[in-house]
2 protein chains.
Amino acid sequence: MEFIDGGVTAAKGFRAAGICAGFKKGKKDMSMITSDVPFQLAGTFTTNLVKAAPVVWDRKIVDGYGTAQAVVMNSGYANACTGKAGDEACRLSAEAAAQELGIRPEQVLLASTGVIGMALPIETIREGIETMVPLLSDTRGAASAAAEGIMTTDTVRKECCVEFELSGRKVTLGGMTKGAGMIHPNMGTMLCLLTTDAAIDHKLAQKALLSAVRDSFNMISVDGDMSTNDTCLLMANGLAGNDRIESVSEDYRIFADAVLTVTKTLARAMAKDGEGAHALLEVKVQGASSKEQAAALAKSVIESNLVKTAIAGHDANWGRIICAMGYSGATFAEDKVDLDFMSKAGTVPIARSGVTTGFDEGLATKILSEDEITAVIDIHEGDQEATAWGCDLTHDYITINADYRS
Amino acid sequence: MEFIDGGVTAAKGFRAAGICAGFKKGKKDMSMITSDVPFQLAGTFTTNLVKAAPVVWDRKIVDGYGTAQAVVMNSGYANACTGKAGDEACRLSAEAAAQELGIRPEQVLLASTGVIGMALPIETIREGIETMVPLLSDTRGAASAAAEGIMTTDTVRKECCVEFELSGRKVTLGGMTKGAGMIHPNMGTMLCLLTTDAAIDHKLAQKALLSAVRDSFNMISVDGDMSTNDTCLLMANGLAGNDRIESVSEDYRIFADAVLTVTKTLARAMAKDGEGAHALLEVKVQGASSKEQAAALAKSVIESNLVKTAIAGHDANWGRIICAMGYSGATFAEDKVDLDFMSKAGTVPIARSGVTTGFDEGLATKILSEDEITAVIDIHEGDQEATAWGCDLTHDYITINADYRS
């Protein structure tokens, strides 16, 4: 498997576009992805009881058909808490796209992100679709435009692409995602669109997607809020011509590994671009008895506002890490915990057997001043591990969120 | 029942002191409370798996004896994650106080708050005790000094006192508490000391305390972090001369109501003085089928960083409230939710049946610009309700926590 430059148009037969439709001032705010042929479809969505209308729409397609041919996305309006009018807006959006593309409305997926509670301006959606359809293209630039169209408070476009082989054929898997607030274990607003030319049954694509999301998007946290709109879709159109994957075979494992690689890369990029973030914080818990225990501890640390603010201050206030482990719900022996901080600037052992090493504060501050920091926690119980990704909590987070609608 | 001016020295036979012992520069950082006679003791503590040494010490006294006669407190050092040396520091502290006071070490309770992971300087504790014992007094000023000695990032001293009658005798219950970070449902660092001259068996005092804490301190949130040091003690020395409460009688109910009144007042004060807070946010969920459902919804809203930052920006971004309700784990019908914002500046209906009322944004902003704001949420299912208290999340929270140790 090899990383290549590319996004959602890298796999054969996928086209995309991204435009300024008018939901936001002077910024791209609408995107489309289409496939030349129908694709096998996998999807996973927010577990928030309050689900945006497009989430409800997509879920029916994923569960009822397992196949589709296009996605229409917008940013600026979440189309959540919009009642029956929100459902109606979905139907009209899908019908408009279907008509322009010559497909059926139930082959059109939808994804929205933005402010909750405002009615989606359906005329703007219709005009956006009419504008985009002639622009749909398989170029690298089209993929980037689509990735920009779904950005909200993201500061960088997030794309990733890998190439690998299945039954002697070259297969491509590309993806794009947007964060950056409401990022939380078990998904935050987050839209993620993955396209591949692999031939695979949608049930196996779903299996690979769920497994990858568990170890990638469900292991990141920016602010602890879980969105109403989270959507992660995997579209596989089969144009690579590999032997279709229909069981948990060696080919399946290669494919699943590719999905995990792309989602992990995108998840890490989302955490690093968390709202107001100046640094990526990676928390690796090792020496655990079980994967679940390691994951619970890593997530609890990454979610702690006090840990996040300490990182913002380059302050090796390690007690906050042990404290967050303590309320994680997972058990561990405090007197067996070892903790190190690492970055490009070096490694500093902070605690051994639960007490301070008497570390050099100057060195610790230097290490914590880099823009990618890892905390390695060993609980000395077993050989399982888990990694979670988050970011520091800064003044900029407050500035962004205190006035998001203004 | 009547509120009176007073703190931990208002009840008969209680004395207190608070001094600058030298843990922090130029600020009071050590306190004591003593009773002229042993008191019946109730206590509740952090549920964090990682417990500070003084929490472990106190718990043994609460569970093993149910009585004690003094409390020694310090701020600046949490004495958490300090290993065997931390336990030893507790023993030495209690022995020093016991010797000065002429009581036994197991009659001395301890409470610490501050930075985790640094060894408690035992000589400073010893000197502090020697300084304080001659200063112990039952004056109003002594109570305030003690309340100041436990402050960390608190900006105001938090005390409360009520008077009521039990079997024809005047009874006084006073208390003090400190916040202000790490405040979270199920307690944050938070020390709370309650003194009363009521005569009550420690088991019934414990019952009243647990019940009061559930509806007060467990319903507030500043930042979602649960401390290693949370301690809430209720000391009842019986000097009011009422008929000793030994069953769930009418007198018990009057007493329990007084404990709830004082803890609710202190909890609300803690939320309002949350780190960096500019406004108190009260979230009242009504029309619920059960108290548990109402509490889960209210807590989820109060804990949301996105709700907190919206309040900081005086922004009626109500979708974030519905969103936080949606991931609370409690069920409700989105299309039955009514939401109002209230403050001294008025009331604005924001949502009816889950969709916007098309409210006046200017009026909403005016209402959200006050320093005490209430969100009233009605889910129209039943007649149960719950209230939670929190605060906005501001730049000052970041400033305070990014460099707490510096």
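## Strands E13 and E14 of chain A

Strand E13 (residues 346–352) of chain A and E14(A) run antiparallel and are joined by two bridges, where strands are DSSP runs of E with at least two residues, helices are runs of H or I with at least four, and both are numbered from the N terminus. A:Ala351 has A:Thr356, in E14(A), as its bridge partner. This is a predicted model, in which local features need pLDDT of at least 70 and side-chain atom pairs count only at pLDDT 80 or more, while totals for chains, interfaces and linings use all residues. Residues are numbered from 1 along each chain as its sequence is written, and chains are lettered from A and ligands numbered from 1 in the order in which they are written.

## The sheet in chain A

In chain A, an open sheet of seven strands has the order E9-E16-E11-E15-E12-E13-E14, with mixed pairing; two strands pair if DSSP finds at least two bridges between them. Strand E9 (220–221) and strand E14 (355–356) of chain A are the edge strands, each pairing on one side only.

## Two helices of chain B

Helix H2 (residues 83–101) and helix H3 (residues 122–132) of chain B pack with their axes 10 Å apart, at an angle of about 20°, the axes being lines fitted to C-alpha atoms, for helices over the stretch in contact, with angles running from 0 to 180 degrees between N-to-C directions. H2(B) and H3(B) are therefore roughly parallel to each other, a term for angles under 35 degrees.

Conventions: Angles under 35 degrees count as roughly parallel, over 145 as roughly antiparallel, 65 to 115 as roughly perpendicular and the rest as oblique.
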